[in-house]
Amino acid sequence: MIKKKDTQESSSFDKELFKRSVLYNVKTLYRKTLEEATPQQIFQAVGYAIKDVVIDNWLTTHKEYDKQDPKTVYYLSMEFLMGRALGNNIINLQAYKPVKEAMDELGLDLNVIEDQEPDPALGNGGLGRLASCFLDSLSTLGYAAYGCGIRYRYGMFKQEIRDGYQIEVPDNWLVDGNPFELRRPEYAKEVKFGGYVNVRIDENGRSNFVQEGYQSVRAIPYDLPIVGYGNGIVNTLRIWDAEAIECFHLDSFDKGDYQKAVEQANLAKNIVEVLYPNDNHYAGKELRLKQQYFFISASVQEAIAKYMRKHDDIRKFYEKVTFQLNDTHPTVAVAELMRILMDEYYLTWEEAWNVTIKTCAYTNHTIMAEALEKWPIELFSRLLPRIYQIIEEINRRFIIKIQEMYPGNQEKIRKMAIIYDGQVKMAHLAIAAGFSVNGVARLHTEILKKQELRDFYEMMPEKFNNKTNGITQRRFLLHGNPLLADWVTAHVGSDWITDLPKISKLKIYADDEKCQQEFMNIKYQNKVRLAQYILEHNGIEVDPRSIFDVQVKRLHEYKRQLLNILHVMYLYNQLKDNPEMEFFPRTFIFGAKAAAGYYNAKMTIKLINSVADVVNNDPVINGRIKVVFIENYRVSNAELIFAAADVSEQISTASKEASGTGNMKFMLNGALTIGTMDGANVEIVEEVGAENAFIFGLSSDEVINFENNGGYDPTEIFNNDPDVRRVLMQLINGTFAPNDPDRFRTLYNSLLNTISTNKADMYFILKDFKAYAEAQRKVENAYRDEKRWARSAILNVACSGKFTSDRTIQEYVDELWHLDKVVLPKKVVGKDKTL
Ligand SMILES: *Cc1c(COP(=O)(O)O)cnc(C)c1O
């Protein structure tokens, strides 16, 4: 019944050559033998050896791009949450087994080597991870692409948990060096800030707009290879570092020069210093706008320079280039493109606008009001005077268009203008200046059209479209869950690696008892692997036979980690009242970073850890409930966590989670979803069937209805439901904070008291509580029937085909980008390398 295992690996990888390369690198980098080298040094040596293999394909790819001149997408994003590169690169080179063997033969463990690599945490959460999955798919599908972003000196902070509280520690991810990056000073660009705009009439009678009295920095690109799976294609993630433009001229500086030099050096140092740790939240910091313009100006300058190296008519730029804006963060790109086209290539406004609106496309990622970027015009015009002038003119012309469509309708102008009330509204600019506005899941796109962006949709319906997000199965199954990956391949062949819908062939095994057992055994082994990680990192023993119930994602009130932990408190109360009740042991696993300034989010982390302290150590509970908070959630430990999950918690307030991608990673690894009808959960349930998930709670329409009518009254639930009341009272009676009973009062207040602009229980936690508890009872009952559970889990894997980012990227290509597929000449795909 089990088919012959398909070959997933290329045979042309030269193991002996590779081993010699590693030994050589240890010697030349560190003047050491393998025995003397530290684990970090061995990682570096292996990393450089892999880079040597990658670099030939990288060269060949770009030689081929030069020849074929394919249309190129620039994916502009403030965030790329790449995860570790070493294992992923080896996987995509189809060399995992020979490399592992080579390491074995050197007496090394590839897993241990991989663990030495820091996660390049240049992103917050889903938005940054999406960008990384997209790059993997673009290379694997053979499309020419650049990711453009910032080389943050310190990425997402490292989270430490001390006394149950989150502590933010700087993440100095570059201390030991990055073997995969390539510094490219030959492509450096100057980026100018501040000063004022002068108009000069030149000898041809043209107005020339020149920025004067500015400060500037030099943007230096670092390139990272993005290896396609098994096709020899290597695209580039280009992240920009900032350097001071001039050094001190010690012989001839006066006081003014000195001051200016110091200021420019500081500007350069500050710009790329840190990633702002906010997820779905706009903070309005001046430095953030500087970061945005810094990497956008450099990226747009280079995209145009690259185009002009091969073409002579800048008016046809859009035929070869698309800029995809990952949220509004890169939206200054539209004005920067206008600026260069007009001020440096002397296009008329109309010519430049024609290029811009055919080049730029915008992806919307959220309807959360607090995430909308609005810059005060004072700040914006002071920092980017020429860009501001251009946006003013875009706004002036856009308002004329609105007036033509809706004569005399001031309300439309108020709601849609790009500059209004003293603010520059970046979403409005992105919509007005792009050819496409896409949402990231079907429900989200419908909400955009009917609610949040309704006026824009009515004015220009042709721009609106949906692109349901996806994830790469290469990282989140092939690399993260090798046992399941091998099992899948043994049953349906290896096509799923580049064609995930083929995984649906697994459906016929869902009812096969032997397959069910094999599946549950693999899940068990992955749970043992995670239990080991938890023991090492938390010192908590968890039982791999218990249900692993997992919520890992950024901490945010709309994601409702609070609902989850309140339900744990409710279960704890039940077991305390009735220690003999039937109860299937459950391990509640959390992982989440909170934005450093987000008080309720940080107190929710403290609450989870406080509940863990009480419940994990209560002899009455006797290990039947365990609560674990995994420190420093990030891509590398996420891979272990998804593989080990039985239950996937996707419990956002309906309408608030635009898509979610964690939900897809769990599904791919055979976890069953407990969730609301929100984001991509809707489409997950559509694919797998409602009987293989646990759906509960208000619908998005119901939530939006409440919101449009002033919210709802949670005190009624508090007064009438003793279980809910008891749990809420435990937030303020010291049950989980004996020395400080008021510790969780703000969480209590967020649920029951209307505070300034915030409604009581804005996120409908109490409203959904009973339905959630009921859904959780169904989870427990379902898990007792192991065969039925295994069947559902296998069906989740089998029905995950839609959620590959390969499908998402193909939709972007077919409907928006129209890229040319690049195929490398046969001979270069096989890796007959000389190192
Ligand atoms: C996938 C992923 C996310 C996004 O998770 P959601 O549940 O969709 O919010 C965040 N962080 C990491 C490390 C991820 O891998």
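Visitor: Which residue in β17 does K374 stand opposite?

Guide: Strands of a sheet pair through backbone hydrogen bonds, and the pairing may be parallel or antiparallel. In this predicted model, K374 stands opposite K425 of β17. The two strands concerned, β15 and β17 (residues 423-425), pair in the antiparallel sense over 3 bridges.

Visitor: In what order do the strands of that sheet lie?

Guide: The order is β15-β17-β16, an open sheet of 3 strands with antiparallel pairing.

Visitor: Which strands form the parallel sheet, and in what order?

Guide: That open sheet has 6 strands, arranged as β22-β21-β20-β23-β24-β25, and the pairing is parallel. At its edges stand β22 (625-630) and β25 (694-695), each with a single partner strand, so one side of each lacks a neighbour in the sheet. Strand β21 (residues 586-591) pairs with β22 in the parallel sense over 6 bridges. Within that pairing, I589 has V628 in β22 as its bridge partner.

Visitor: Let us turn to charged pairs. How many salt bridges does a search of the whole structure find?

Guide: Side chains of opposite charge can pair when their charged atoms come close. Here the search finds 67 salt bridges. One of these joins K15 to E101, with the closest N and O atoms 2.8 Å apart. K15 lies in helix α1 (residues 15-30) and E101 in helix α4 (residues 96-105), so this pair ties together parts that are 86 residues apart in sequence.

Visitor: How is the protein chain divided into domains?

Guide: Domain 1 comprises 69-84 + 119-469, and domain 2 comprises 473-698 + 765-801. Their C-alpha centres lie 36 Å apart. The contact between them takes 43 residues from domain 1 and 42 residues from domain 2.

Visitor: How much area do domain 1 and domain 2 bury between them?

Guide: The two domains bury about 3400 Å², of which 55% is on carbon and sulfur atoms. On the side of domain 1, the residues that lose the most area to domain 2 are Q159, Y229 and R442, together 17% of what that side buries.

Visitor: Which polar and charged pairs are counted between domain 1 and domain 2?

Guide: There are 4 salt bridges between domain 1 and domain 2. R634 and D119 form a salt bridge whose closest N and O atoms are 3.7 Å apart.

Visitor: Which elements supply the side of domain 1 that touches domain 2?

Guide: At least two residues each come from α6 (126-141), β5 (158-162), β6 (165-169) and α15 (442-452). The largest share, 7 residues, is supplied by α6. By class, this side of domain 1 has 16 nonpolar, 16 polar and 11 charged residues.

Conventions:
Residues numbered from 1 in each chain as written. Predicted model: local features only at pLDDT ≥ 70, side-chain atom pairs only at ≥ 80, totals over all residues. Heavy atoms only, no water. Domains from an automatic or database assignment. Contact = heavy atoms within 4.5 Å. Buried area = accessible area lost by both parts, 1.4 Å probe. Salt bridge = Lys/Arg side-chain N within 4 Å of Asp/Glu carboxyl O. Helix = DSSP H or I, 4+ residues; strand = E, 2+ residues; numbered from the N terminus. Nonpolar A, V, L, I, M, F, W, Y, C, P; charged D, E, K, R; others polar. Pairing = 2+ DSSP bridges.
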